Amino acid sequence: MARVALVSGGTRGIGAAISIALTAAGYKVAANYAGNEERAAAFHKATGIPVYRWDVSDYDACLAGLGRVEADLGPVEVLVNNAGITRDSMFHKMTPQQWKEVIDTNLSGLFNMTHPVWTGMRDRGFGRIVNISSINGQRGQVGQVNYSASKAGDLGFTRALALEGASRNITVNAICPGYIGTEMVRAIPQEVLDEKILPQIPLGRLGEPEEIARCVVFLVSDDAGFITGSTLTANGGQYVAA
Ligand SMILES: NC(=O)c1ccc[n+]([C@@H]2O[C@H](COP(=O)([O-])OP(=O)(O)OC[C@H]3O[C@@H](n4cnc5c(N)ncnc54)[C@H](OP(=O)(O)O)[C@@H]3O)[C@@H](O)[C@H]2O)c1
């Protein structure tokens, strides 16, 4: 029986690549999104993957949304917490709202999405959770105190939950992408990319969303059953963490 996989923010960018790769690997995939109906509809049309709209920063919406996914496809055995946002600003100009939106989505979103599926995973004695953090959660970044704090929090969440899940055969891992060629990054002017960003990346190029997706496919596979609490860094050598 195909396992059911849910990808938050699974209709665009890295999440879309993850949804497609998991489908190709034989999972029954559900892709969540926040509100971009046009893109979600185009993604569904192109891939056939069912799409579900709700806001991961809202616990009750997650409970209801996950209920719909499980009613349609069956219990979620693989959860990829990929949905994330930026609200960049220098700290002295950062508003409480910019802080809150990013923490609520990028960090509390992990609690909101994982908590409702956790008991089921424990009861069934199997689960795979992958959290998409960031290079900027490992090293910090100017203008991203909110984002870096949220993504560093994702790593603490991953490590602690991995310890709790191990006795029930649930693995919890994180991936820290560097600069990936999604729309957000491709929107940066070419001269900024060429002069400022690419010289920081020893491999001399942006990553592709599919390269992150392949990391996810590995971490959720049976072959990765001994890997839990780990952080997989995929950044072209830009930051070589311990
Ligand atoms: N791109 C990079 O270079 C990079 C590097 C390191 C880490 N990351 C991380 O990788 C993840 C994906 O990034 P991306 O660049 O692929 O993002 P993206 O292209 O902006 O796509 C974000 C996806 O998340 C969804 N989303 C946003 N807020 C949500 C919410 N509150 N509830 C439900 N869904 C929500 C969006 O839905 P809608 O389409 O409805 O808006 C969309 O499907 C993020 O966690 C990001 O922090 C990205």
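Axes here are lines fitted to C-alpha atoms, for helices over the stretch in contact, and angles run from 0 to 180 degrees between N-to-C directions. With that in hand, helix α3 (residues 59–73) packs against α4 at about 45°, with the two axes 9 Å apart. This is a predicted model, where local features need pLDDT of at least 70, side-chain atom pairs count only at pLDDT 80 or more, and totals for chains, interfaces and linings use all residues. Residues are numbered from 1 along each chain as its sequence is written, and side-chain values use heavy atoms, with hydrogens and water left out.

**α3 against α4**

- Helices are DSSP runs (H or I, at least four residues), numbered from the N terminus.
- The α3 and α4 crossing is right-handed, i.e. the near helix is turned clockwise from the far one by less than a right angle.
- On the α3 side, Tyr 59, Cys 62, Leu 63, Leu 66 and Glu 70 meet Phe 111, Asn 112, Met 113, His 115, Pro 116 and Val 117 of α4, contact meaning heavy atoms within 4.5 Å.
- Those residues split into eight nonpolar, two polar and one charged (Ala, Val, Leu, Ile, Met, Phe, Trp, Tyr, Cys and Pro count as nonpolar, Asp, Glu, Lys and Arg as charged, and the others, Gly among them, as polar).

**α4 against α6**

- Helix α4 (residues 96–124) also packs with α6 (residues 145–165), at about 15° and with axes 8 Å apart.
- That makes α4 roughly parallel to α6, and their crossing is right-handed.
- The residues in this contact come out as 12 nonpolar, seven polar and three charged.
- Among the α4 residues that meet α6 are Trp 99, Phe 111 and Trp 118, while the α6 side includes Tyr 147, Phe 157 and Leu 161.

**α1 against α9**

- Helices α1 (residues 13–24) and α9 (residues 209–219) pack at about 50°, axes 8 Å apart.
- So α1 is oblique to α9, and the crossing is right-handed.
- The α1 residues in contact include Gly 13, Ile 14 and Ala 17, and those of α9 include Pro 209, Glu 210 and Ile 212.
- The tally for this contact is 10 nonpolar, one polar and one charged.

**Ligand site**

- There are 30 residues around the ligand, and Arg 12, Ile 14, Gly 35, Asn 82 and Tyr 147 come nearest (near means that a heavy atom of the residue lies within 4 Å).
- Asp 55 has a polar side-chain atom 2.9 Å from a ligand nitrogen atom.
- Val 56 places a backbone N or O atom 2.9 Å from a nitrogen atom of the ligand.
- A polar backbone atom of Ile 180 lies 2.9 Å from a ligand oxygen atom.

Terms used:
Helices (H or I, at least four residues) and strands (E, at least two) are DSSP runs, numbered from the N terminus. Angles under 35 degrees count as roughly parallel, over 145 as roughly antiparallel, 65 to 115 as roughly perpendicular and the rest as oblique. A polar contact is a pair of N or O atoms within 3.5 Å; within protein, one must be able to donate a hydrogen and the other to accept it, and residues adjacent in sequence count only if both atoms are side-chain atoms.
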